[in-house]
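Trainee: Please take a close look at the core with me, and set it in its surroundings. I would like one connected account.

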Amino acid sequence: MNLKLKIWRQKNSNDKGKIVDYAISDIEPDMSFLEMLDVLNDELINKGETPVAFDHDCREGICGSCSLFINGRAHGPDTGIATCQLHMRKFKDGDTIYIEPFRARAFPVIKDLAVDRSAFDRIQHAGGYVSVNTSGNTQDANNIPIPKENADTAFDSATCIGCGACVAACKNSSARLFVSAKVSQMALLPQGQIEAKTRVLNMTEQMDKEGFGNCSNTGACEVECPKGISLENIARQIREYAKATTATKK
Ligand code: SF4
Ligand code: FES
């Protein structure tokens with residue numbers, strides 16, 4: 001396949017940035033999208049030019065680091081996958097492909113296609129955990145009965161990989177789907193009950209501090225989420241928040 005690429009190049013967070021045109025040829029349809037970018041970068045390096053910066057790690061849909069806006073869609077034209085799982089067979093010979101970073105005020109561009117998503121880390125640090133007694137008297141988790149439906153729903157919420165596609169897809173750059181998945185996976189399990197109130201209050205407060213917008217109720221986040229995180233998580237987060245506001249904040 002021969003393709004035209006229009007790629008966002010930005011030297012650093014202070015640079016204005018612009019779309020730069022590249023032509024690439026002999027791309028195999030079975031290559032992954034990131035392998036295609038690897039080929040481009042090899043060519044740029046061989047020409048003495050600066051390669052395109054983009055994030056990636058596991059390249060199998062687990063780590064959530066590969067986050068590209070491709071032809072106007074978070075993670076590209078396929079559904080239910082991260083950018084690293086996208087293959088060139090989804091495109092046609094001669095296509096023009098626009099490649100941009102995830103855009104949101106809370107995700108500043110570091111360089112080219114790489115953005116700073118540490119806002120998600122700070123939200124997690126605000127409450128996305130359970131405190132466990134590790135003194136040696138810890139109860140075996142298998143001794144705590146959990147209804148199967150709750151366990152399955154909690155697992156579905158826990159599949160969020162923190163990629164940020166929900167933010168990039170939302171017209172308000174809302175982080176609601178991400179935060180609600182992290183709140184839900186704990187809210188559905190007995191282990192998460194002790195800190196349930198402070199968790200939802202503190203994570204929601206941190207989300208607002210980071211500059212994410214409010215939920216737009218359009219559901220674009222659910223459509224573009226590579227892990228199929230459901231909007232039901234947002235409804236659960238709102239219920240948890242309403243319950244928590246009747247209690248004293250720590
Ligand atoms: S909810 Fe989905 S789109 Fe948002 S961070 Fe998690 S996996 Fe990514
Ligand atoms: S590189 Fe890890 S999810 Fe894509």
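Mentor: Start with the two domains, whose centres, taken over C-alpha atoms, are 29 Å apart. The model is predicted. The domain assignment places domain 1 at residues 3-111 and domain 2 at residues 118-244. Where they meet, 18 residues of domain 1 are in contact with 16 residues of domain 2. The side of domain 1 that touches domain 2 is made up of 10 nonpolar, 5 polar and 3 charged residues.

The protein has 250 residues, of which 36% count as buried. It contains 8 helices and 7 strands. Along the principal axes, its C-alpha atoms fill a box of roughly 60 × 40 × 35 Å. If you take the contacts between residues at least 6 apart in sequence, 70% of them join residues at least 24 apart.

Now the core. In soluble globular proteins, nonpolar side chains tend to be buried together. The largest nonpolar core here has 56 residues. Phe102, Cys166, Val167, Ala168, Leu177 and Phe178 are the residues with the most contacts inside it. Several elements give two or more residues to this core: helix H1 (33-46), strand E3 (68-70), helix H2 (118-125), helix H4 (165-169), helix H5 (176-187) and helix H6 (196-209). H5 gives the largest share, 7 residues. Both domains take part, since domain 1 (3-111) and domain 2 (118-244) each supply at least three residues to this core.

Val167 lets you look at the core from one point. Apart from neighbours within four places in sequence, Val167 is in contact with Phe102, Ala104, Phe107, Ser173, Ser174, Ala175 and Phe212. Phe102 is also one of the residues with the most contacts inside the core.

Which residues come nearest to ligand 1? They are Cys160, Cys163, Ala165, Cys166 and Cys225, out of 14 residues around the ligand. H4 and H5 are the elements that give two or more residues to this shell. With 3 residues, H5 has the largest share of the shell, and H5 has the largest share of the core as well. By type, the shell around ligand 1 has 11 nonpolar residues, 2 polar ones and 1 charged one.

Gly128 is in the loop between H2 and helix H3 (148-158). Is Gly128 buried or exposed? Gly128 is buried, because 21 other C-beta atoms lie within 10 Å, and the cut-off for buried is 20 or more. Not counting residues up to four places away in sequence, Gly128 touches Ile123, Lys182 and Met203. Leu3 lies 125 residues from Gly128 in sequence, and their C-alpha atoms are 42 Å apart in space.

Strand E1 (residues 3-9) pairs with E2 in the antiparallel sense over 7 bridges, and Ile7 stands opposite Val20 in E2. E1 also pairs with strand E5 (residues 96-101), in the parallel sense over 4 bridges. There, Lys6 stands opposite Tyr98 in E5. Strand E2 (residues 18-24) is hardly covered, with 0 buried residues among its 7. E3, on the other hand, gives two or more residues to the core.

Asn71 is in the loop between E3 and E4, and its phi is positive, near 50°, although Asn71 is not a glycine. Asn71 counts as partly exposed because it has 15 C-beta neighbours inside 10 Å. Asp112 also has a positive phi, about 50°, and is not a glycine either. The loop that holds Asp112 runs between strand E6 (109-111) and strand E7 (114-115). Asp112 has 24 C-beta neighbours inside 10 Å, so Asp112 counts as buried.

Key. Residues are numbered from 1 along each chain as its sequence is written. Chains are lettered from A and ligands numbered from 1 in the order in which they are written. This is a predicted model: local features need pLDDT of at least 70, side-chain atom pairs count only at pLDDT 80 or more; totals for chains, interfaces and linings use all residues. Domain bounds come from an automatic or database domain assignment. Two residues are in contact if their C-beta atoms, placed from the backbone, lie within 7 Å. Ala, Val, Leu, Ile, Met, Phe, Trp, Tyr, Cys and Pro count as nonpolar, Asp, Glu, Lys and Arg as charged, and the others, Gly among them, as polar. A nonpolar core is a set of buried Ala, Val, Leu, Ile, Met, Phe, Trp, Tyr and Cys residues joined through C-beta atoms within 7 Å. A residue is buried if 20 or more other C-beta atoms lie within 10 Å of its own, exposed if 12 or fewer, and partly exposed in between; C-beta atoms are placed from the backbone. A residue is near a molecule or strand if its C-beta atom, placed from the backbone, lies within 6 Å of it. Two strands pair if DSSP finds at least two bridges between them.
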